[in-house]
Amino acid sequence: MDYAAQGIQLLIILFFLPAAIFKLIGHPHMRKEFARFHFPFWVARLAGTIELFACVMLMIGFSGSVWGLLGGLLLVGVMAGATWTNFAKRPPVFGWGTLVILLLCVGVSAWQLGSLDPACRTTVNHLTHCVTSAIGKGA
């Protein structure tokens, strides 16, 4: 299982790294896509920056550190927005494609969480519980 999860993690890095670079350099295709969605181009640059940081974190995360988990979670956030955008503003086939990528990012994040040492996993679970409790109370 570890090799399969690491393979998927590598594929995610290879998918997002060029996309991040294209967004950051303002590639004409990226400009066209974000204009089609009626988003200002700073949204593309923000997404590209997050994707670039996430890829670096995922590369560090091959060692099983918390960085891999954080990188995966950043991509989950980016892909949640991309999935919504593609379902709302394009034909459904694009939405389903981005949903698959989102689920792969969730899977890598879950694998990264499971690969952390128990003390770190407990800390992450505790922080998650604190955040969800605060959101539930409206704090």
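**Exercise 1. Determine which helix gives the largest share of the nonpolar patch, and how many residues that share holds.**

Solution. Helix α3 gives the largest share of the nonpolar patch, four residues. Helices here are DSSP runs (H or I, at least four residues), as strands are E runs of at least two, numbered from the N terminus. The patch lies on the surface and is formed by Leu10, Leu11, Leu14, Leu52, Val56, Met59, Ile60, Phe62, Trp67, Leu70 and Leu73. The elements that each give two or more residues are α1 (2-25), α3 (41-60) and α4. Together the patch residues have about 970 Å² of accessible area. A patch takes residues with over 30% relative accessible area and no salt bridge; nonpolar side chains (Val, Leu, Ile, Met, Phe, Trp, Tyr) are joined within 5 Å, like charges within 9 Å. Areas come from the Shrake-Rupley method with a 1.4 Å probe, and for residues only the protein chains shown count as cover.

The model is predicted: local features need pLDDT of at least 70 and side-chain atom pairs count only at pLDDT 80 or more, while totals for chains, interfaces and linings use all residues. Residues are numbered from 1 along each chain as its sequence is written, and side-chain values use heavy atoms, with hydrogens and water left out.

**Exercise 2. Find the salt bridges, and say which residues are linked in a network.**

Solution. A salt bridge needs a side-chain nitrogen of Lys or Arg within 4 Å of a carboxyl oxygen of Asp or Glu. Side chains of opposite charge can pair when their charged atoms come close. The rule gives three salt bridges.

1. Lys23 pairs with Glu51, with the closest N and O atoms 2.8 Å apart. This pair links distant parts of the chain, Lys23 in helix α1 and Glu51 in helix α3, 28 residues apart. Both Lys23 and Glu51 are buried.
2. Glu33 pairs with Arg36, the closest N and O atoms being 2.7 Å apart. The two are about one helical turn apart because they are three residues apart in helix α2. Glu33 counts as buried at 9% relative accessibility, and Arg36 as partly exposed at 41%.
3. Glu33 also meets Arg90, at 3.5 Å from N to O. This pair too links distant parts of the chain: Glu33 is in helix α2 and Arg90 in the loop between α4 and α5, 57 residues apart. Arg90 counts as buried, at 18% relative accessibility.

**Exercise 3. Describe the lining of the largest pocket: how many residues, and from which elements?**

Solution. A pocket is defined on a 1 Å grid over the protein atoms alone, as an open set of points with protein on both sides within 12 Å along at least five of seven lines; a cavity is a set where a 1.4 Å probe fits but cannot get out, and lining residues have an atom within 4 Å of a point. Grid points are joined across faces, edges and corners, and a volume is the space filled by probe spheres set on the points.

The largest pocket has a volume of about 700 Å³. It is lined by 28 residues, of which Lys23, Phe34, Glu51, Ala82 and Asn86 lie nearest its centre. α1, α2 (28-36), α3, α4 and α5 (92-115) each supply at least two lining residues. The largest share, seven residues, comes from α4.

**Exercise 4. State how Met30 is packed and which residues it touches.**

Solution. Met30 lies in helix α2 and is buried, with a relative accessible area of 13%. Not counting residues up to four places away in sequence, Met30 touches Ala19, Phe22, Lys23 and Phe41. The C-alpha atoms of Met30 and Phe41 are 8.6 Å apart, and the two residues are eleven places apart along the chain.

Technical notes:
Buried means under 20% relative accessible area, exposed over 50%, partly exposed in between (1.4 Å probe, protein chains only). Contact means heavy atoms within 4.5 Å.
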